[in-house]
Each structure stands twice: as C-alpha cells, then as structure tokens.
Amino acid sequence: MFSSTRVFLLGPSHHYYTLKCALSTAAVYETPIGDLPIDLEVIEELKATGKFELMDLQVDEREHSMEMHLPYCHILLRYLKGTR
C-alpha cells in the first residue's frame with residue numbers, strides 16, 4: 001500500500017501565460033468535502049530554486065484545471081492518514 005502523505009499536482013493554465021511553472025499563493029484549496037491544505041514550506045523551497053513564479057490568488061481562483069482532482073486527493077490523503 002501507499003505510504004505517501006504529499007501529492008504534487010501539475011495543471012495547465014487556461015487564463016495565465018507563463019514560461020515557468022507557477023506556484024499557488026493560497027494556503028488551502030476548498031473542496032466540496034473539506035479543505036485541502038497546501039504545504040507552504042514546500043512552496044517556499046520550490047520558490048527558492050528560482051525556477052518557479054507565484055500565481056496571483058485571483059488567477060488561481062479562476063483556474064479550473066485541477067478542480068476535479070482535488071476532492072480525490074482529499075480522500076486519498078485522509079485514507080493514508082487513517083482519518084477516513
């Protein structure tokens with residue numbers, strides 16, 4: 001079985017052009033089944049590499065490329081943490 005407790009999601013941007021990958025500035029993604037916290041420490045580590053940029057929160061909120069995946073990630077992480 002899996003032992004991971006971290007999921008990385010990469011999605012295309014439909015509203016924002018960038019030559020780099022953009023990192024969310026949100027602290028949490030809200031899903032219909034509960035909040036999915038974003039690992040802000042990992043965001044800072046990725047940002048420090050200089051290979052990423054930050055996505056404005058308003059742009060992030062308009063983006064929809066990951067919205068169907070987030071609830072499944074929430075369920076998977078709850079299962080892996082034993083809090084079904």
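**Close-up views of a predicted model**

About 350 Å³ of space lies in the second largest pocket of this predicted model.

View 1. Two or more residues of the lining come from each of β2 (28–31), α2 (57–62) and α3. β2 gives the largest share, with 4 residues. Sorted by class, the lining holds 9 nonpolar, 3 polar and 5 charged residues.

**View 2. The largest pocket, with a volume of about 970 Å³.** The lining has 37 residues, and those closest to the pocket centre are Val-7, Phe-8, Leu-9, Tyr-29 and Ile-38. At least two lining residues are supplied by each of β1 (21–24), β3 (34–37), α1 (40–48), β4 (52–55) and α3 (70–80). α3 gives the most, with 5 residues. In this lining, 21 residues are nonpolar, 8 are polar and 8 are charged.

**View 3. The largest nonpolar core, 10 residues in all.** The members of the core are Leu-23, Ala-26, Tyr-29, Leu-36, Ile-38, Ile-43, Met-66, Leu-70, Cys-73 and Leu-77. α3 provides the largest share of this core, 3 residues.

**View 4. Leu-70 and the residues that Leu-70 touches.** Leaving out residues up to four places away in sequence, Leu-70 touches Leu-9, Tyr-29, Thr-31 and Leu-36. Leu-70, Tyr-29 and Leu-36 are among the members of the largest nonpolar core.

**View 5. The start of α1 and the residue Gly-50.** At the start of α1, a side-chain oxygen of Asp-39 comes to within 3.2 Å of the backbone nitrogen of Glu-41. Gly-50 follows α1 and has a positive phi, near 80°.

**View 6. The protein chain as a whole, with 3 helices and 4 strands.** Read from the N terminus, the order of elements is β-β-β-α-β-α-α. Along the principal axes, the C-alpha atoms fill a box of roughly 40 × 25 × 20 Å. Of the 84 residues in the chain, 24% are buried. Among contacts with a separation of 6 or more, 78% are between residues 24 or more positions apart.

How values were computed
Residues are numbered from 1 along each chain as its sequence is written. This is a predicted model: local features need pLDDT of at least 70, side-chain atom pairs count only at pLDDT 80 or more; totals for chains, interfaces and linings use all residues. Side-chain values use heavy atoms; hydrogens and water are left out. On a 1 Å grid over the protein atoms alone, a cavity is a set of points where a 1.4 Å probe fits but cannot get out, and a pocket is an open set with protein on both sides within 12 Å along at least five of seven lines; lining residues have an atom within 4 Å of a point. Grid points are joined across faces, edges and corners, and a volume is the space filled by probe spheres set on the points. Ala, Val, Leu, Ile, Met, Phe, Trp, Tyr, Cys and Pro count as nonpolar, Asp, Glu, Lys and Arg as charged, and the others, Gly among them, as polar. A polar contact is a pair of N or O atoms within 3.5 Å; within protein, one must be able to donate a hydrogen and the other to accept it, and residues adjacent in sequence count only if both atoms are side-chain atoms. A nonpolar core is a set of buried Ala, Val, Leu, Ile, Met, Phe, Trp, Tyr and Cys residues joined through side-chain atoms within 4.5 Å. Buried means under 20% relative accessible area, exposed over 50%, partly exposed in between (1.4 Å probe, protein chains only). Contact means heavy atoms within 4.5 Å.
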